[in-house]
Amino acid sequence: MKVLRALFLAGCLYAVAAGGAAAVDLSPDSIGAGRKLFESDCSNCHAMKYLGYAAPLPPEAAMKAFGDVPPDLSLMAAARGRGTSGAEYVYRLLTSYDDTPRKNSVFPDLSMPEPIPRDDPKLREKAGQAAAFLYQAAFPEFRTRRTVGTYVIAYTALLTALLYLLYRSVWKGISHSLSGKARGG
Amino acid sequence: MTRVPQWLQDRFPLRELLERHVTEYPAPRNLNYLWSFGALALLFLAIQIVTGLWLAMYYKPDAKLAFDSVQHIMRDVNWGWLIRYLHAVGASGLFFVVYLHVGRGMYYGSYKEPRELLWWIGIALFFALMAQAFTGYLLPWGNMSYWSATVITSLFGVVPVVGEQLVTWLRGDFAVGDATLNRFFAFHVALFPVAVIGGLVVLHLTALHRVGSNNPEGVDLDKHGPDVIPFFPYYVAKDLWFAGLALIAYFAVVFFLPTYAMEPLNWEPPDLLATPGHLVPEWYFLPFYAVLRSVPSKPGGAVAMQAAILIVALLPYLDRSPVRSARHRPVKRVLTLLFFVNFAVLGWVGAQPPSSAGVLLAGRVTTAIYFLYFALLPLLPRFERARPAAKGRWA
């Protein structure tokens, strides 16, 4: 039991550390700026079907222009990693374009031309905002989820504490060990 | 006011049922918290049934509509995201508590006489849960759903002579497609949960209440003696507060880390043209997946994977010691704990890309250790000295 308890605690700590290390700013301002960026730039090629942004190019035309069909971005931040790591993936992709022959040192041979010019002084800020918007697009419930979750867990903790007191009072005077009169087996 | 209950009582043994299975079911007083995981499994099963019912009201089992209908649930249905996360994380929760429940049985020798049948019903339940999880995993119709179903159904192709027909029969088509989705949906919402799992749970509990619960000392207790207490209120109170603790952990994942119980690739619709580079099953299948991959031939791997589960059913005969609990068996205790560690390592191996030689070797070694445990068990009584009859409780 002690080992189980220690493992469980270690698991919780790891999960909190992994979930909390968000490099992408998920504030409403950042998401709003990301949405504007999507509408002005990304949506020239990419659709977001679950948010009502239709594909601007027929697939054949996109194929001709880029050699590939620009993927729908609605769920991209969920499909590229668990938690916020999918949004961080998008951020890394947008900020890793360079002069090497394969265009992008982290994600080589992308069909997508440089979406934010690398000499843009606000490159990192914009990439973060775009990633934040994609996160919100994939997980539109995330803010409600965190708020509701805090209340649900607080309530369950209170209920559990009461149930524990109930358990202690029910078991008052009851021994947890055998009397020594058991039969052989 | 007493007339209605009396009318009912004259026609249906309600009071006897409650007395037999709840209020007067005699339970050993020395059960530790590992014995609460059976009740927790029932709790998670109930959560799966309730959330699954609501999901089925909005989900469309059609290859053209399924993926979008899941997003409809996530975005448009009131609290749909919550119901879906409860269901997706609940599957992991159910397997987590079932693994601890089975591990407890292995450690304390709960499979020994007179509980062999109880043990086998439990293993049948485990198979049913695997089938339930596997059919459910196809329903979101994501890329990983599609390719997992393709790979796992193809395993039935190793059956001699009728293999190919069997695969086609399972899929309802020559490849996984709309027909497969329809039948998996039917199995997942009607046949498995109601007829198979529900029925087996009733059998499991009925058999349990015939033979009584084992206990950490592994000794037989007099059903009317001083060492048993009624299930209600004692174990109801104990299991309830422990269930509260489990729910806190469950809600922490549901609300703050739901995607940790889900595969990122499954947020993309199926790409029928390209197998994903690195196929991984859900975490609860990883140890058996590692066994499958560790055998060089496909039929051999499929047989080894089945054997890895079926061999657990042989425990009542492989373990020949008269002493049940590993608490009083120093060698079985160490071996069983090592077995659990090895099982976790197998899970880790199952999650790695199989390309490296190191992973392949680790898989073979851990698979060998897995089966070695069952080979060693029959030999233990020859040299193991069980602790002398803790206070003379067994012959």
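Helices and strands are DSSP runs, numbered from the N terminus. In this predicted model, Asp227(B) lies in the loop that joins helix H9 (178-211) to strand E2 (228-230) of chain B. Chain B is in contact with chain A, and a search of the whole structure finds 15 salt bridges over all chains.

**Asp227(B)**
- Asp227(B) counts as buried because its relative accessibility is 2%, under the 20% limit.

**Interface of chain B and chain A**
- The contact involves 53 residues of chain B and 50 residues of chain A.
- About 4,700 Å² is buried between the two chains, with 67% of it on carbon and sulfur atoms.
- The interface is crossed by 3 salt bridges.
- Arg82(A) forms a salt bridge with Glu263(B), with the closest N and O atoms 3.3 Å apart. Arg82(A) belongs to the loop between helix H4 (76-79) and helix H5 (85-95) of chain A, whereas Glu263(B) belongs to the loop between helix H10 (231-256) and H11 of chain B.
- Arg82(A) is partly exposed at 28% relative accessibility, whereas Glu263(B) is buried at 14%.
- Asp68(B) and Lys49(A) also meet through their side chains in a salt bridge, at 3.1 Å from N to O.

**Salt bridges within chain B**
- Arg327(B) and Glu217(B) form a salt bridge with an N to O distance of 3.1 Å. This pair links distant parts of the chain, 110 residues apart: Arg327(B) is in the loop between helix H13 (315-318) and helix H14 (330-351), and Glu217(B) is in the loop between H9 and E2.
- Arg327(B) is partly exposed, with a relative accessible area of 28%, while Glu217(B) is buried at 14% relative accessibility.
- Arg15(B) and Glu19(B) form a salt bridge whose closest N and O atoms are 3.9 Å apart. Both residues lie in helix H2 (residues 14-23), 4 residues apart, about one turn of the helix.
- Both are partly exposed, Arg15(B) at 49% relative accessibility and Glu19(B) at 28%.
- A network of salt bridges links Lys112(B), Asp319(B), Arg329(B), Lys332(B) and Glu384(B).

**Cavity**
- The whole structure contains 1 cavity of 30 Å³ or more, and the volume of the largest cavity is about 50 Å³.
- Helix H11 (286-294) and helix H15 (357-376) of chain B each give two or more residues to its lining.
- The lining residues include Ala290(B), Arg293(B), Val359(B) and Leu360(B).
- By class, the lining has 5 nonpolar, 2 polar and 1 charged residues.

Methods
Residues numbered from 1 in each chain as written. Chains lettered and ligands numbered in written order. Predicted model: local features only at pLDDT ≥ 70, side-chain atom pairs only at ≥ 80, totals over all residues. Heavy atoms only, no water. Buried < 20%, exposed > 50% of the residue type's maximum accessible area, 1.4 Å probe, protein only. 1 Å grid on protein atoms, 1.4 Å probe; cavity = no way out; pocket = protein on both sides within 12 Å on 5 of 7 lines; lining within 4 Å. Points joined across faces, edges and corners; volume = space filled by probe spheres on them. Nonpolar A, V, L, I, M, F, W, Y, C, P; charged D, E, K, R; others polar. Contact = heavy atoms within 4.5 Å. Buried area = accessible area lost by both parts, 1.4 Å probe. Salt bridge = Lys/Arg side-chain N within 4 Å of Asp/Glu carboxyl O.
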